[in-house]
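Work through the exercises below with the sequence and the structure at hand. Try each task before reading its solution.

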Amino acid sequence: MNWENIDTSARRIAARAVCRLFGEEINVEGQEEGLFRELTETSLFEEEMQRRSRYNAGKAFRKAKGRRRLHLVRWYGAAACALVMALGGWWLLRTGQSADGGALVGEYGIHGSRQICLQLSDGKRVALCSEDTLQLQEQDKTIEVRGGEIAYSGERKADSREEVWNTLTVPKGAEFRIKLSDGTVVHLNADSRLQYPMLFSGKERRVRLQGEAWFEVAKSAEIPFYVMAEDLEIRVYGTSFNVNTHGMRAVQTVLTEGEVGVRSLRSGKEVRMVPGQLAEYGRSDRELRIREVNVRQYTAWKEGYFYFDDRSLEEMMDELARWYDMEIVYQSNHGKMLHFSGYVQRYKDVRRILATLTEAVGIRFKVTGNRIIINN
């Protein structure tokens with residue numbers, strides 16, 4: 001394949017894949033036809049291909065020319081890497097092949113039975129699994145656990161002194177949902193903790209989050225809903241949004257529907273967000289920044305996918321480590337800042353995802369016990 005024209009080829013292949021999704025046809029010739037046959041029948045990558053269409057392949061090629069081919073593949077291709085990671089990665093995961101073409105035997109890194117911990121107001125801890133169906137008593141109230149969700153119900157208390165708090169802790173390698181007493185649904189991602197009252201009381205509804213969670217807040221104009229995430233206070237006006245405190249550099253809030261107000265406890269100033277925006281609160285400078293984003297990359301986890309949009313290898317591996325509950329070991333720092341884009345399923349064997357990365361850029365991974373060793 002002519003590397004200087006790879007961006008054009010990638011666009012053509014991606015365009016045909018998108019057109020096929022909508023029942024349309026577009027011609028692809030030569031080598032591209034064979035590659036297309038291997039990579040088609042996926043609906044996950046339209047947005048990524050459109051975003052990558054702004055990439056200037058010719059300019060990148062001129063800068064990279066003269067290096068070894070492996071380095072060219074690593075650094076060259078926003079369009080090429082996106083295509084291989086996205087379409088090629090999807091194909092690799094779909095067929096269940098390892099990087100060397102052999103089939104993987106057994107599932108590795110799938111933790112469907114991880115125990116979730118519910119701490120009651122008296123300090124008692126109850127271990128839960130996603131398959132559990134049971135009822136718990138907390139004072140004079142009943143807590144229902146069924147199908148990976150905890151449900152609370154009851155009338156709101158007028159006296160805030162009567163609030164009784166519970167804590168739900170979700171370990172690495174697990175996820176869980178909770179339906180609060182007001183009807184708000186919270187989907188907790190791996191390695192996360194939510195503190196909340198059994199029944200809301202007073203003139204506000206307030207919860208505390210560590211980690212990542214998706215919120216679908218029950219609307220109540222008279223009783224605002226607040227999420228406390230480290231030094232950030234998020235005021236909700238009935239909406240759907242995602243909060244993540246796992247980031248190395250910032251606490252993130254992304255809004256998909258409705259309206260929220262984000263306030264730094266340091267400055268006290270509230271900034272209103274609209275759907276499609278991301279608020280980032282910097283850990284080092286304590287500044288709050290708002291920008292437009294593709295919200296799908298921040299919410300795909302709750303649909304069972306990892307979505308990587310120009311993410312560094314280090315950021316990607318941190319996310320994989322949380323979900324698969326594994327330790328990441330770098331034999332050198334050389335590859336940490338390589339960037340990738342693409343979709344992969346969260347419920348797949350971790351080795352399949354690593355094989356996709358190896359196929360894309362040549363980085364080698366070794367899985368030993370609960371450790372992933374990276375040798376690049």
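## Exercise 1: A hairpin turn

The hairpin of β12 and β13 has 2 residues between its strands, and Glu 230 there takes a positive phi near 55°. The model is a predicted one.

Task: State where Glu 230 lies, and decide whether Glu 230 is buried, partly exposed or exposed.

Solution. 
Step 1. Glu 230 sits in the loop between β12 and β13.
Step 2. Glu 230 is not a glycine, yet its phi is positive, about 55°.
Step 3. The relative accessible area of Glu 230 is 44%. Buried means under 20% and exposed means over 50%, with partly exposed in between. Glu 230 is therefore partly exposed.

## Exercise 2: A covered strand and its partners

Task: Describe how far strand β12 is covered, and name the strands that pair with β12 in the parallel and the antiparallel sense.

Solution. 
Step 1. Take the two faces in turn. One side carries Phe 225, Val 227 and Ala 229, while the other carries Tyr 226 and Met 228; these residues are all buried, and both faces of β12 are covered.
Step 2. Strands of a sheet pair through backbone hydrogen bonds, either parallel or antiparallel.
Step 3. The parallel partner is β10 (residues 205–210), joined to β12 by 4 bridges. Across this pairing, Arg 206 stands opposite Tyr 226 of β12.
Step 4. The antiparallel partner is β13, which pairs with β12 over 5 bridges. Here Phe 225 has Val 236 of β13 as its bridge partner.

## Exercise 3: From pairs to a sheet

Task: Give the strand order of the open sheet of 9 strands, and name its edge strands.

Solution. 
Step 1. The order is β2-β1-β6-β9-β10-β12-β13-β16-β17, and the pairing is mixed.
Step 2. The edges are β2 (125–128) and β17 (270–273), each of which pairs on one side only.
Step 3. On average, neighbouring strands of this sheet are turned by 20° against each other, direction ignored.
Step 4. Ile 234 has Val 262 in β16 as its bridge partner.

## Exercise 4: Another hairpin

Task: State in which sense β23 and β24 pair, and over how many bridges.

Solution. 
Step 1. Strand β23 (residues 364–368) and strand β24 (residues 371–375) pair in the antiparallel sense over 5 bridges.
Step 2. Thr 368 is found opposite Arg 371 of β24.
Step 3. This hairpin has 2 residues between the strands, and Gly 369 takes a positive phi near 60°.

## Exercise 5: The surroundings of Ile 290

Task: Locate Ile 290, classify its accessibility and list its contacts beyond four places in sequence.

Solution. 
Step 1. Ile 290 belongs to strand β19 (residues 288–292).
Step 2. With a relative accessibility of 31%, Ile 290 is partly exposed.
Step 3. Leaving out residues up to four places away in sequence, Ile 290 touches Val 271, Met 273, Gln 277, Leu 278 and Ala 279.
Step 4. Take Met 273 from that list. Ile 290 and Met 273 are 17 residues apart in sequence, and their C-alpha atoms are 7.8 Å apart in space.

## Exercise 6: The largest pocket

Task: Give the volume of the largest pocket, and identify the element that gives the most to its lining.

Solution. 
Step 1. The volume of the largest pocket is about 790 Å³.
Step 2. The lining has 32 residues, and the closest to the pocket centre are Asn 244, Gln 252, Tyr 298, Arg 311 and Glu 315.
Step 3. Two or more lining residues come from each of β15 (250–257), β19, α7 (296–299), β20 (305–312) and α8 (313–324).
Step 4. β20 gives the most, with 6 residues.

Methods: Residues are numbered from 1 along each chain as its sequence is written. This is a predicted model: local features need pLDDT of at least 70, side-chain atom pairs count only at pLDDT 80 or more; totals for chains, interfaces and linings use all residues. Side-chain values use heavy atoms; hydrogens and water are left out. Buried means under 20% relative accessible area, exposed over 50%, partly exposed in between (1.4 Å probe, protein chains only). Contact means heavy atoms within 4.5 Å. Two strands pair if DSSP finds at least two bridges between them. Axes are lines fitted to C-alpha atoms, for helices over the stretch in contact, and angles run from 0 to 180 degrees between N-to-C directions. On a 1 Å grid over the protein atoms alone, a cavity is a set of points where a 1.4 Å probe fits but cannot get out, and a pocket is an open set with protein on both sides within 12 Å along at least five of seven lines; lining residues have an atom within 4 Å of a point. Grid points are joined across faces, edges and corners, and a volume is the space filled by probe spheres set on the points.
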